[in-house]
Every structure is written in structure tokens, then in C-alpha cells.
Amino acid sequence: MQTNISRTILVTEDNPTNLKLVRDILESQGYKILEAMSGADAIKSVKENKEKISLILMDLQLPDINGLDVIKTLKSDTTTKKIPIIVVSAYAMEKDIENALKAGCDDYITKPINLVSFIARVNSFFDAVRN
Ligand code: MN
């Protein structure tokens, strides 16, 4: 867990309750958190903090831009495309997951999130990236 201290995760989520839940979970694991509550905020934050963001968690239903378009924007920019993106969405149909993967996301977690498996997925993602 101590290795997480240097890792910053950008959480994109427009629902304050969900945002707080995810933030609390990840901070308990030692991660530093940046928050974005809209697609435009997410893109702005990534551009400003791209050197330190290790992972982006991306809601799809956002008040301004569809999360898929945020993913496409970030993945088509050579300066941000290497930052991994995990979608965290209530959309759970196979087609939704397929579309998100096509847009360029690296993994997909469905809401409502399960505390234990959510932590395991995020942590194991870093294990996978490191190896
Ligand atoms: Mn949402």
C-alpha cells in the first residue's frame, strides 16, 4: 500500500455522493485524488496535471460532454493518450462496454461499485501496469 502514496488518480464523477464515496475509498488506500465533475473539467485537469496523473476514473453520464467523447479526446492527444482510463459507469450492457473499449478506455467497472472488488481492480491495475 505504501507504493500508492506517489500515485494520483483523477476521479471524474458528477454525482457528489458517488464522488465522495470513491474519493474516500481511494484515499484510504493511500492514493492522492483529483476531482472533476464534468467532461470539460476532466480534460482541463488532465492537461494541467498530466505529469502526475497515474490513472483516470471516468463516469460516462456527465452534465456536459459524454464520457466516451472525453476518452476519445484524451486518447487522441499524444501528450495524454498514455494515461490509463477506467470507466466507472451504471451502463452495464455489453454494447456499452464494447463502445467504451472502442473509444479507448483500458478497463470498465460497473456501478454500483462493490467496495472490495473496486479496490482490488484499481490496485491490480497498477500491478499489471508495473509488470
Ligand atoms: Mn454521472
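Is D14 buried, partly exposed or exposed? D14 is partly exposed, with a relative accessible area of 28%; partly exposed lies between buried (under 20% relative accessible area) and exposed (over 50%), with a 1.4 Å probe and protein chains only. This is a predicted model, in which local features need pLDDT of at least 70, side-chain atom pairs count only at pLDDT 80 or more, and totals for chains, interfaces and linings use all residues. Residues are numbered from 1 along each chain as its sequence is written, and side-chain values use heavy atoms, leaving out hydrogens and water. Helices (H or I, at least four residues) and strands (E, at least two) are DSSP runs, numbered from the N terminus.

**Manganese site**

- The manganese ion is coordinated by D14 (OD), D59 (OD) and Q61 (O), at 2.0 to 2.2 Å.
- Donors are N, O and S atoms within 2.8 Å of the metal (3.2 Å for Na, K and Ca); water is not among the atoms, so sites may look incomplete.
- D14 sits in the loop between β1 (8-12) and α1 (16-28), while Q61 sits in the loop between β3 (53-58) and α3 (67-75), so the pair links distant parts of the chain, 47 residues apart.
- In sequence, the donor residues follow the spacing D-x44-D-x1-Q.
- Q61 is partly exposed, at 46% relative accessibility.

**The sheet**

- An open sheet is formed by 5 strands in the order β2-β1-β3-β4-β5, with parallel pairing; two strands pair if DSSP finds at least two bridges between them.
- The edge strands, β2 (32-36) and β5, each pair on one side only.
- From one strand to the next, the twist averages 25°.
- β3 and β4 run parallel and are joined by 3 bridges, and M58 has V87 in β4 as its bridge partner.
- α1 lies across β1, β2 and β3, running at about 165° to β2; axes are lines fitted to C-alpha atoms, for helices over the stretch in contact (heavy atoms within 4.5 Å), and angles run from 0 to 180 degrees between N-to-C directions.

**Helix α3**

- The buried residues of α3 are G67, L68, V70, I71, L74 and K75.
- Seen down the axis of α3, these buried residues fall within an arc of 160°, so they line one face of the helix; the arc is that of the directions from the helix axis to the C-beta atoms.
- They pack against α2 (39-49), β3, β4 (85-89) and α4 (94-103).

**A cis peptide bond**

- The peptide bond from K111 to P112 is cis, with omega near 0°, whereas most peptide bonds are trans.
- P112 lies in the loop between β5 (107-110) and α5 (115-130).
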